[in-house]
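Welcome, and please open your viewer. We will go from one residue out to the whole chain, with something to select at each stop.

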Amino acid sequence: MDKKLLEDSLGIIDLPDDGLTVHFYDILFERYPQVKPMFTRDTRLQAAMLRTAVVSVVDHLDDEDWLTADLGALGRRHADLGVTEPMYAAVAECMIAAMAEIGGSRWTADMTAAWTEALTAVASLMLAGYPASEETSGAA
Ligand code: HEM
C-alpha cells in the first residue's frame with residue numbers, strides 16, 4: 001500500500017466542509033439511486049462521518065490491529081444496515097470518481113490505482129467483521 005501517495009492525493013482532494021464526501025454522495029445517489037433509501041441521516045452529517053473514517057484509515061495504514069478491529073466493527077454495523085458485498089464496489093467506484101473529478105488535472109492513474117487498492121482492502125476488512133451467516137452477495 002502506497003501510504004505516501006494516498007496521503008499526498010488526499011491532500012489534493014480533501015476540500016473544506018467535507019466537500020469530497022458530499023460530492024461522493026451526489027455521485028453515489030445519481031449512479032445507484034437504489035441505495036439512497038438506506039441513508040436516513042442528514043447527508044452532510046453522513047459526509048462528515050465518512051470523511052473522518054477515510055482520514056482515520058489513511059492515518060492508521062501501518063496499524064494492522066487498529067484496521068482489523070475498527071474496520072471489523074464498522075463492517076459489523078454495516079451488516080446490520082443491510083449493506084451487501086457488491087455495494088462496496090459501487091462505493092469505491094463513486095469515491096474514486098469524486099476524487100478524480102475534484103483532483104482534475106492533478107489526479108493521476110497511479111492515484112486511482114492506490115485508492116482502488118486501499119478501498120478494496122477496507123471493504124475486505126469490513127466484510128471480515130460480518131457475522132458468518134450473513135448473506136453478503138445480494139445485488140448492489
Ligand atoms: C469504504 C467503505 C465504507 C466506510 C469507510 C463507511 C463508513 C461509514 C461510517 C463511518 C458510518 C457512520 C456510522 C457508523 O460508524 O457506524 C457509515 C454509515 C452508513 N453507511 Fe457506510 N461506509 C462504507 C461503506 C458503505 C457501503 C458500501 C454502503 C452501502 C451503500 C454504506 C452504507 C451506509 C449506511 C446506510 C449508513 C447509515 C446511514 C444512516 O444512518 O443514515 N456504507 N458508514
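Predicted model: local features only at pLDDT ≥ 70, side-chain atom pairs only at ≥ 80, totals over all residues.

**Stop one: Phe-24**

Select Phe-24 to begin; this residue sits in helix H2. Is Phe-24 buried or exposed? Phe-24 has 24 other C-beta atoms within 10 Å, and 20 or more count as buried, so Phe-24 is buried.

Now bring up the residues around it. Apart from neighbours within four places in sequence, Phe-24 is in contact with Cys-94, Met-95 and Ala-98. Next, pick Arg-44, which is 20 residues from Phe-24 along the chain.

**Stop two: Cys-94**

Move on to Cys-94. Which residues does Cys-94 touch, not counting those up to four places away in sequence? They are Phe-24, Ile-27, Leu-28 and Arg-31.

**Stop three: the nonpolar core**

Select Phe-24, Val-91, Cys-94, Met-95, Ala-98, Met-99 and Trp-115 together. These residues have the most contacts inside the largest nonpolar core, which has 22 residues. Colour the elements that give two or more residues to this core: helix H2 (19–31), helix H3 (43–59), helix H5 (85–103) and helix H6 (109–128). H5 gives the most, with 8 residues. In soluble globular proteins, nonpolar side chains tend to be buried together.

**Stop four: around the ligand**

Now centre the view on the ligand. How many residues surround the ligand? There are 19, and the closest are Met-38, Arg-41, Ala-53, Met-87 and Val-91. H3, helix H4 (64–81), H5 and H6 each give two or more residues to this shell. Colour the shell by class and you will find 14 nonpolar, 3 polar and 2 charged residues.

**Stop five: the whole chain**

Zoom out and switch to a cartoon view. The protein chain has 6 helices and 0 strands, in the order α-α-α-α-α-α from the N terminus. Its radius of gyration is 14 Å, close to the 14 Å that the globule rule gives for 140 residues, so the chain is as compact as a globular protein of that length. Along its principal axes, the C-alpha trace spans about 45 × 35 × 25 Å.

Finally, select residues 1–131, listed by UniProt as "domain: Globin" in an unreviewed entry. This stretch is 75% helix and 0% strand, with its end C-alpha atoms 27 Å apart.

Technical notes:
Residues numbered from 1 in each chain as written. Core = buried A, V, L, I, M, F, W, Y, C linked by C-beta atoms within 7 Å. Buried ≥ 20, exposed ≤ 12 C-beta atoms within 10 Å, placed from the backbone. Helix = DSSP H or I, 4+ residues; strand = E, 2+ residues; numbered from the N terminus. Contact = placed C-beta atoms within 7 Å. Near = placed C-beta within 6 Å. Nonpolar A, V, L, I, M, F, W, Y, C, P; charged D, E, K, R; others polar. UniProt positions renumbered as here; feature names shortened; annotations may be inferred. Rg over C-alpha atoms; globule rule 2.2 N^0.38 Å.
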